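Subject: Structure handover

Hello,

Here is the structure we spoke about. Please look it over first; my notes on what was found follow below.

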Amino acid sequence: LPGRKVLCLSNMGDDITLKFRQKLLLVDDNLGNEDVAALKFLCVDLIPFKKLESAQSALDIFQLLMAEEYLNEEDTFLLAELLYRIKCHFLLQKLNYTKERVQEYLPEKGRVSPYRQMLYELAENITSEMLKEIVFLLRDHLPKRQPIISALDLLILLEKQGLLTESNVKMLEEIFTSVSPDLLETVNSYKREKGTGLLIYYLFLLLVSLPQQENTLPIKESALLGSTKVFSSPQTFITSSLFNTFIETISFFPLSFLQKLTSYKMDGPKRGFCLVINNVKFDGDLRERKGSCKDAGELERVFTWLGLEVKIYKDQTSKEIKDLMETWQDSKNHRNRDCFICCILSHGDSGAIYGKDGELISIRTIMSYFTAKRCPALAEKPKLFFIQACQGKKIQCPVHVEPDAQVPELPSVQERISPSESIPEEADFLLGMATIDGYASFRHVEQGTWYIQALCSKLQLLVPRGEDILSILTEVNEDVSRRADSLGRKKQMPQPAYTLRKKFIFPVPRDPPPS
């Protein structure tokens with residue numbers, strides 16, 4: 001291999017295998033100068049332009065994508081998308097993709113913006129004669145000493161001068177009105193698609209801002225910052241006719257498009273980290289948690305399948321847990337990741353869990369390390385915590401329900417800490433508790449805990465169906481609530497609490513569930 005290419009790859013990091021390097025070299029060997037220029041153009045929104053300008057080869061671009069964590073050995077989809085966009089379909093097989101497979105995943109994982117796609121499509125269809133006409137029309141706007149070699153050069157120059165932006169394509173409209181009505185339609189098509197999202201947004205604002213009228217439908221608005229799974233008051237009202245118009249309008253748009261408007265962004269280069277703290281053996285009087293390793297292993301398999309990088313920590317003291325949270329709070333590795341998940345398996349009491357040393361640490365303290373102020377890299381990103389631990393010593397007993405039966409009064413737990421009080425007072429948190437406050441949770445010494453096994457089972461079943469996390473946790477509640485000990489005397493009810501602002505939906509993995 002030429003020495004230049006080996007040098008280009010020498011600083012990519014020790015974690016990149018030789019096989020992966022060889023794939024990138026093979027792709028580079030099959031790309032010409034025009035292909036490299038096209039790759040640079042399509043990456044303008046992903047990589048700072050000053051860095052892109054210095055790229056002389058495809059390998060240089062690959063290095064930049066890897067530095068920005070858009071490309072790695074485990075996830076080569078962005079490179080596959082770029083090759084697909086520049087019509088180098090024959091190279092997709094080197095990344096274990098096909099043209100059809102890339103097309104299938106583009107709606108979910110595509111990163112090249114519609115704006116950039118539109119510009120590239122224009123550049124591909126601008127002939128040399130058209131380019132001369134356009135340069136002539138724009139002679140007063142272009143630098144006189146800078147030659148325009150290609151349509152891509154022209155578009156980049158217009159962007160640099162601020163004459164062309166994602167929200168302002170007026171210059172293109174004026175040009176193609178006289179040069180090419182066919183290409184004008186490409187610009188108009190982009191404008192129509194861009195207006196779709198704004199239309200829905202403004203319709204919604206219109207609906208929720210209308211005053212109360214006769215023949216109205218009540219709509220409750222979800223409360224956001226500083227509140228947990230509650231609804232605000234008073235109600236907002238919309239007219240039934242306008243509501244029907246709204247429904248008819250959005251019915252024209254695909255479900256995947258509408259989902260993206262109301263769901264957390266989950267299409268980054270990496271999904272995120274999942275910490276699993278598994279306390280099994282304890283100092284003092286706390287008993288060994290037999291069966292907990294079964295839970296930890298199942299969590300590792302399921303969250304790895306969901307695309308997260310799982311880190312397992314066993315038998316941590318309360319201080320070690322705090323130190324661990326502080327380390328991950330300061331980690332720069334949250335950049336370009338979609339979410340953060342932390343699972344804690346231990347003994348516990350009201351609003352707290354035990355460290356290996358028998359010292360309690362509050363759940364609120366653990367979660368507060370990841371507020372937007374203390375962990376800016378995770379700001380506005382969903383942060384999920386799943387706690388498998390008792391929250392007291394009381395045992396939930398079965399209630400045999402009959403028609404019109406009087407519901408027995410539950411013991412008061414007002415002096416205890418509820419899950420909602422454990423959540424930091426800001427958005428984007430979810431806390432999944434194995435049991436309600438004041439009560440015990442149950443663990444099989446071989447099969448693991450009811451809650452974690454139900455959680456892993458429902459994730460594998462419902463993520464491929466596109467269900468959001470709250471719907472999945474509702475199914476977990478149903479599963480666990482139906483379980484009982486061998487004598488039918490002990491029951492358990494999990495309890496989620498959250499300040500999520502949007503739906504949290506895991507992208508459907510390519511591989512089948514692990515079990």
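To begin with the cysteines: the sulfur of cysteine 342 has its closest cysteine sulfur in cysteine 343, 6.7 Å away, which is too far for a bond. A disulfide here is a pair of cysteine sulfur atoms within 2.5 Å. Cysteine 342 is also buried, its relative accessible area being 0%; buried means under 20%, exposed over 50%, and partly exposed in between, with a 1.4 Å probe and protein chains only. For cysteine 456 the closest cysteine sulfur is again in cysteine 343, at 7.8 Å, too far for a bond. Cysteine 456 has a relative accessible area of 0% and is buried. The structure holds zero disulfides.

Two points on the source. This is a predicted model, in which local features need pLDDT of at least 70 and side-chain atom pairs count only at pLDDT 80 or more, while totals for chains, interfaces and linings use all residues. Residues are numbered from 1 along each chain as its sequence is written, and side-chain values use heavy atoms, with hydrogens and water left out.

The protein has 20 helices and 13 strands; these are DSSP runs numbered from the N terminus, helices being H or I of at least four residues and strands E of at least two. Of its 515 residues, 48% count as buried. Contact means heavy atoms within 4.5 Å. Among contacts between residues at least 6 apart in sequence, 73% join residues at least 24 apart.

Helix H3 covers residues 33–42, and Val36, Ala38, Leu39, Phe41 and Leu42 are buried in it. The cover over these buried residues includes helix H5 (58–67), helix H6 (77–85), helix H8 (114–125) and helix H10 (151–160).

Glutamine 453 sits in helix H19 (residues 450–462). Is glutamine 453 buried or exposed? It counts as buried because its relative accessibility is 16%. Leaving aside residues up to four places away in sequence, glutamine 453 touches Lys294, Asp295, Glu298, Gln447 and Gly448.

Regards
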